[in-house]
Amino acid sequence: MTENLDGTRPAKGVSAIAAKEGGGFPNPGLPPHAHRQGDHDRGAEKRAERIVAVMFLISVLGTALFIAAYFVFTPMDRNLLAEPGTLHAVRWSNLFTGLGLAISMFFIGAAAVHWAKTLMPDEEVSEERHAIAGSPETQQAAADIITGGLAESGVGRRPVIVTTMVAALAALPIAVLAPLSTLGPLPGNKLHHTFWKAGLRITRDHDGTPIRADEVAMNSIFHVMPEGLDSETPDYLEERAKAAAVLVRIDPALGKNQSSLDNGYEGILAFSKICTHVGCPVALYEQQTHHMLCPCHQSTFDVTDGAKVIFGPAHRPLPQLPIEVDAEGYLVARGDFPEPIGPSFWDIHKDK
Amino acid sequence: MATTTPTKPTAASASGSSAAQGGRMMKLGAVGGAWLDQRVSGAGFVKFFARKIFPDHWSFMFGEVALYSFVILLISGTFLTMFFVPSMDEVVYEGIYAPLQGAHVSRAFESTLHLSFEVKGGLLFRQMHHWAALVFMVAIFVHMFRVFFTGAFRKPRELNWLVGFSLMILGMVAGFSGYSLPDDVLSGNGLRVVDGLMKAIPIVGTYLSMLLFGGEFPGHDIIPRLFTIHILLVPAAILGLIAIHLVLLVLHKHTQYPGPGRTDRNVVGFPLFPVYTAKAGGFFFLVFGIIALVSATTAINGVWIYGPYDPSPVSAGSQPDWYMLWTDGGLRLIPGWEFTIFGYVISLNMLIPMAIYGALLAFLALYPFIESWVTGDDREHHVLDLPYNTPVRTGLGVAWISIYVILALAATNDLIGMKLHLSINDLTWFFRIGIFVIPVLMFYVTKRLCLSMQRQRRDLVLHGVETSKVVRLEDGEMLEIHEPLNEYDRWVLVQHDDFRPLTAGNGVSSLRAAATSFFFKDRISPVTPAELREAMAHAGHEKHEIDALTGGDYTTPDQRH
């Protein structure tokens, strides 16, 4: 069977429609109309009219409440229910302005819909659809206009013009790349280096105080930043985004990775806090298991084994910051992270 | 022209005022009919539009909800731009929110708090903006799947499906760029994920990230740039596409559900003026009122609780808004796959999820073209399919939704784990396996359910409604009395098309033959007139026996008392 049900053939190919035996059932046409109560009961009609009017009136009250709330429930000045300039005042202001607006809007809508449903005609009307495609004559005329115009322009006869035009139009979009390039600098080696340098003290994040090795209790964790990285530093947030690290202390006997222990100091280990998956801060530390967990996508790193990935979508271990103790007993970095921190990128393993 | 009949001096005042009212109405009509017509051809416009017929069905309202929430977004968003400062310059917070007083925050964050706390009505408009965005996306999705399951995307509406699809994507971009603006910890980590995903793109990734952020993450440019995207580029594109969407809607006229008197050549319903002006216009106010009510009573996105963005902290339970959840789920489910080739890194743990998201969207966008290739049907369709009459399409849609839901649930695995006291690792493994197994299962179950429904309806047409009244004949045989369907109810159940698999050859490729077999191998043929006649004859014979016993009185013994 290659024909559509309405007897037409598909413009090309074969249709999978199965023919209807005997042409199928005839459409019975619109069913007889059932009237509403309000159509013949004058009382019901009056009632519907009253309900619509009352709902419009409620809307007016809502508008009044909305406006009044701007004067008697304000966040900063006059507020009947709370002291101005407090979160309570904000809450009351939000509640009453919002309720006023909700009432004024909702009841206009409810009135209009009720009006339409009960009092406007509910007898369904049928309208003819017109064919979306024009007549074959129109289609032919359109085709003629296009082919005629193309012939008048001489596109077919002038290959040199066409070729050069295509070249010009193809070259132009490349120009877009030039303004785009001004949006930001080239990566260069920015992603390969952080603020950490040999000899920089490890300081507590936020108060910036240095940490002595003997202050780091067993199984504790410190969120740390390099000494001298503060809000005066140029590109402060960018540097923080790369330098963020954690300091943990484990029992060296639990350590499974000797080179990781060697980069630490008596079981005190420093790791980048930026997840090697997509860069969330790996902020959760389970003291019992010595696992660090990224709350964004649950990559889990084993601190006793060089922060190796033991679960989740990350692939590379958290880069470890090599540390030692300076003459005054404070923890210092022995250098920058040995490899780029954070999410992997194309040339992450190249030296830059 | 307005003409008024002079009222008799003795007429009651009531009839006098109604005549005057009629006169006013007629004057209004004259303005629309003549005055505007002579200046802007208004009459033709009114004639073309005002009595356009729209069919009535509750499922046609979802698109309206989307449209109206967009209007609310424009109104509330305009208010917000009056107070929001899209700047990443650092300031010291000195507003009324005590826990952050003295903190170093960006102007964007500070102005967000200022407009929420200190501007009258600011919090309300901000919450309405956010709630309307959530409703906008819900409505778009539900509308989209109404269109999908009823086959409204078929010829001639394939292009409008693509317009709607683009609107869905733009809605996600609008939402993401919008909730990133306050520069708080939660949205900052969302941007950090975008940064990580961009960097994973081979060769150009780090360049793209530098260009977007104007340097290294987070930089000083991303908030002003997102602001331009959020309040200019995306809304302009959405407005333009909405215009195309609606022009095409008017051009095609609305689809309608199958019913007596409804065909592919007519549209049955109510006129735009006055019925739909009142109903649809009123519906805008209903949507507005409900969003205002929710915003008045339910807090959303309290960025002051998260705090200003800082790259170091993050809290557990970091979820994006619901319509972005699915893009986070894949990132949580993918194992840590990454390999290095010639010293360069391919991060499959980011590229595979992105490829899956792309494939899911592409399937949705291309489905109308896939299906029309399978059926070879090039007729215009204006009468909708009932979802159970297209078991494979319905099954595919449900399978797609199940993947989407699994991804969205996976993005909340930490919350689910906490609430239900489950191991997050077990949950992740459950979803990892589930994303392969559950869609297949859902497809199969849905398809079988649809076929069962078709079978049940076939039965209903042939035998009528069971009345639960049983008659025992003298030989002990039991017969149930059936009430036959009237022709209007029957029509809905017998009007649909039937498709069958094609065999390869004769212009049918073996791939297409396989596709038609997948789609139409299991089919329940619709009732034919001959089958109905035969069933009626059988029923007539039974009725004869029953009537002989009951004398045509079908009341049960207890009803007679």
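Domain bounds here come from an automatic or database domain assignment. On that basis, chain A splits into domain 1 (41-118) and domain 2 (195-333). Bear in mind that this is a predicted model.

**Chain A and its domains**
- An unreviewed UniProt entry puts the feature "domain: Rieske" at residues 268-332 of chain A.
- That span, residues 268-332 of chain A, is 38% strand and 0% helix, and its end C-alpha atoms are 12 Å apart.

**Where the chains meet**
- On the chain B side, 113 residues are in contact with 94 residues of chain A.
- Helix α10 (residues 272-297) of chain B gives the most to that side, with 18 residues.
- Sorted by type, the chain B residues that touch chain A come out as 56 nonpolar, 36 polar and 21 charged.
- The two chains also share strand pairing: β2 (residues 125-128) of chain A runs antiparallel to β4 (residues 266-271) of chain B, with 4 bridges joining them.
- Within that pairing, V125(A) has G269(B) in β4(B) as its bridge partner.

**Nonpolar cores**
- The largest nonpolar core has 177 residues, and those touching the most other members are A245(A), L247(A), A270(A), A132(B), F136(B), F288(B) and I291(B).
- Helix α3 (residues 87-118) of chain A supplies the largest share of this core, 17 residues.
- Leaving out residues up to four places away in sequence, F136(B) touches A66(B), S69(B), F70(B), L73(B) and G171(B).
- Another core, of 5 residues, lies apart from the largest one, and its members include V461(B), W491(B), V494(B) and V527(B).

- K155(B) and P156(B) are joined by a cis peptide bond, with omega about 10 degrees; P156(B) is in the loop between α5 (122-149) and α6 (158-179) of chain B.
- F273(B) and P274(B) are joined by a cis peptide bond too, with omega about 5 degrees, and P274(B) lies in helix α10 of chain B.
- Q298(A) isn't a glycine, yet its phi is positive, at about 65 degrees. You'll find Q298(A) in the loop between β8 (291-293) and β9 (300-302) of chain A.
- Q298(A) counts as buried because it has 24 C-beta neighbours inside 10 Å, and the cut-off for buried is 20 or more.
- H421(B), also not a glycine, has a positive phi near 55 degrees, and its place is the loop between α15 (413-420) and α16 (424-463) of chain B.
- With 6 C-beta neighbours inside 10 Å, H421(B) counts as exposed.

Notes: Residues are numbered from 1 along each chain as its sequence is written. Chains are lettered from A and ligands numbered from 1 in the order in which they are written. This is a predicted model: local features need pLDDT of at least 70, side-chain atom pairs count only at pLDDT 80 or more; totals for chains, interfaces and linings use all residues. Two residues are in contact if their C-beta atoms, placed from the backbone, lie within 7 Å. Ala, Val, Leu, Ile, Met, Phe, Trp, Tyr, Cys and Pro count as nonpolar, Asp, Glu, Lys and Arg as charged, and the others, Gly among them, as polar. Two strands pair if DSSP finds at least two bridges between them. UniProt positions are given in the numbering used here, feature names are shortened, and annotations may be inferred rather than shown by experiment. A nonpolar core is a set of buried Ala, Val, Leu, Ile, Met, Phe, Trp, Tyr and Cys residues joined through C-beta atoms within 7 Å. A residue is buried if 20 or more other C-beta atoms lie within 10 Å of its own, exposed if 12 or fewer, and partly exposed in between; C-beta atoms are placed from the backbone.
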